[in-house]
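Welcome! Please keep both in view as you read.

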Amino acid sequence: MAAKDKGRILLAMTGYNPRPWYDLLSKERTVVTQSDGPADPTIHYAVAWKQKPNLLSNLPNLRAIFSVGAGVDHILSDPTLPDVPIVRVVADNLTEQMTNYVLWRVLDHYRRGLTYRAQQKRKVWREAPPAGDITVGIMGFGELGRAAAKVLMACGFTTRGWSRTKQSFDGVETYHGEEGLKPFLNGTDILVVLLPLTQQTTGIVNYRLLSQLRRNNGLGGAVLINAGRGRLQKDADILRALDDETLIEASLDVFEVEPLPRTSPLWNHPRVFVTPHAAAVSDPAHLVPLMLDQMDALERGKPLKNLVDRKAGY
Ligand code: NDP
Ligand code: OXD
């Protein structure tokens with residue numbers, strides 16, 4: 001079928017360079033970056049990242065919205081969103097990047113990377129005691145959390161996961177729901193946050209939560225790694241927890257306000273490792289073929305995969 005005969009795509013992106021997405025999508029379908037008015041009948045799909053509010057609300061023939069990311073808070077925050085299926089990113093390439101990030105940050109804290117880099121600056125030759133047996137707790141035990149758990153276990157870490165509904169996974173101690181949170185945190189030395197941002201999870205990584213982590217361990221305290229969303233955490237509570245040694249160290253990829261304001265004390269904190277929301281970057285070369293396959297499948301009468309549960313918010 002010629003591109004002009006297939007459903008058309010509206011590229012509805014802000015804060016992302018649309019060019020590579022446009023180039024790859026338009027190899028197979030007609031792509032526009034602006035609709036012909038709010039009720040344009042020619043648009044069948046939207047490929048979206050932080051779309052402008054109202055942009056998608058009245059398109060009469062919109063069949064599905066494809067998120068450019070695994071998280072969909074940026075799409076769902078528009079109260080005028082039409083009631084069409086939303087497909088999120090589940091892709092080996094994104095999962096591999098996140099697994100790399102989590103492994104990198106866990107190992108760096110575990111092997112005293114922050115301490116040794118600071119010592120090297122001062123030419124200090126001093127061996128830190130080995131951290132020994134450490135439990136990594138993964139908060140948000142979905143696609144990304146489970147993939148990270150597999151690799152962490154292969155590296156010898158005891159691993160546990162916390163989710164909304166009951167999950168089981170070979171070799172991992174799993175917890176769920178509010179009643180599972182305290183026991184999950186009480187046995188966690190390194191907390192990895194891979195939750196989606198929803199009404200229930202906003203602000204969940206606060207001082208109260210951090211103070212329930214296990215501190216009596218070979219690292220000399222608890223460690224926080226957040227690669228989920230910035231608004232899951234309270235930046236000020238993390239600073240407080242670092243300052244009173246509730247937390248010994250943190251790696252943060254996401255922040256309440258992004259880009260992280262230059263005035264934030266997190267930038268210069270000696271026990272914080274900052275990355276600019278770069279843990280897993282959506283790569284159009286890997287993601288566009290999956291989107292196009294799903295559009296083709298839908299047009300052949302097949303169901304869409306990786307759909308967002310709008311009630312749950314992720
Ligand atoms: P999934 O939807 O596969 O997994 C989400 C997990 O969080 C599930 O285990 C889910 O529970 C759990 N969860 C959701 N709400 C709650 C709650 N209220 N209480 C307890 N657990 C909850 O998502 P992914 O693993 O694919 O992605 C996770 C997040 O990672 C994304 O939403 C995004 O925000 C972030 N992300 C960040 C990137 C970065 O570069 N920093 C890149 C990619 C993603 P259940 O299993 O019961 O459904
Ligand atoms: C995502 C992200 O959600 O890049 O995929 O943050």
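Q233 sits in the loop between β10 (222-226) and α8 (235-243). Helices (H or I, at least four residues) and strands (E, at least two) are DSSP runs, numbered from the N terminus.

Is Q233 buried or exposed? Its relative accessible area is 1%, so Q233 is buried. Buried means under 20% relative accessible area, exposed over 50%, and partly exposed in between, with a 1.4 Å probe and protein chains only. Setting aside neighbours within four places in sequence, Q233 is in contact with V205, N226, I238, L252, V254, F255 and E256, where contact means heavy atoms within 4.5 Å.

## How to read this model

This is a predicted model, in which local features need pLDDT of at least 70 and side-chain atom pairs count only at pLDDT 80 or more, while totals for chains, interfaces and linings use all residues. Residues are numbered from 1 along each chain as its sequence is written, chains are lettered from A and ligands numbered from 1 in the order in which they are written, and side-chain values use heavy atoms, with hydrogens and water left out.

## The whole protein

Now step back to the overall fold. The protein has 9 helices and 12 strands. Its radius of gyration is 21 Å, close to the 20 Å that the globule rule gives for 314 residues, so the protein is as compact as a globular protein of that length. The radius is taken over C-alpha atoms, and the rule is 2.2 Å times the number of residues to the power 0.38. Along the principal axes, the C-alpha atoms fill a box of roughly 65 × 40 × 30 Å.

Of the 314 residues, 51% are buried. Among contacts between residues at least 6 apart in sequence, 61% join residues at least 24 apart. The accessible surface comes to about 15700 Å², and 51% of it belongs to carbon and sulfur atoms; such areas come from the Shrake-Rupley method with a 1.4 Å probe, and for residues only the protein chains shown count as cover.

## Around ligand 1

Which residues come nearest to ligand 1? Of the 29 residues around it, they are R88, T165, Q167, D253 and Y314. A residue is near a molecule if one of its heavy atoms lies within 4 Å of it. The shell divides into 14 nonpolar, 10 polar and 5 charged residues. In this scheme Ala, Val, Leu, Ile, Met, Phe, Trp, Tyr, Cys and Pro count as nonpolar, Asp, Glu, Lys and Arg as charged, and the others, Gly among them, as polar. α3 (92-110), α5 (143-154) and β7 (158-163) each supply at least two residues of this shell.

The backbone takes part as well. A backbone N or O atom of G142 lies 3.1 Å from an oxygen atom of ligand 1, and a polar backbone atom of L144 is 2.9 Å from an oxygen atom of the ligand. For R164, a polar backbone atom is 2.9 Å from a nitrogen atom of ligand 1. Taken alone, ligand 1 exposes 930 Å², and the protein buries 92% of that.

## Around ligand 2

Ligand 2 is surrounded by W49, G69, A70, G71, R229, H277 and A280. By class, that shell has 3 nonpolar, 3 polar and 1 charged residues.

Oxygen atoms of ligand 2 lie 2.7 Å from a backbone N or O atom of A70 and 2.8 Å from one of G71. R229 uses its side chain instead, with a polar atom 2.7 Å from an oxygen atom of ligand 2. On its own, ligand 2 has 210 Å² of accessible area, of which the protein covers 88%.

## Helices and a loop

T95 is found in helix α3 and, at 15% relative accessibility, counts as buried. Beyond its neighbours within four places in sequence, T95 is in contact with E143, L144 and A147. In helix α4 (residues 113-121), G113, L114 and Q119 are buried. The buried residues of α4 pack against α3, β11 (247-252) and β12 (272-274). Just after α4, K123 takes a positive phi of about 55°.

Finally, L55 lies in the loop between β3 (43-49) and β4 (64-67). L55 is partly exposed, at 27% relative accessibility, and touches L10 and A12, not counting residues up to four places away in sequence.

Conventions. Polar contact = N/O pair within 3.5 Å; in protein donor to acceptor, adjacent residues only side chain to side chain.
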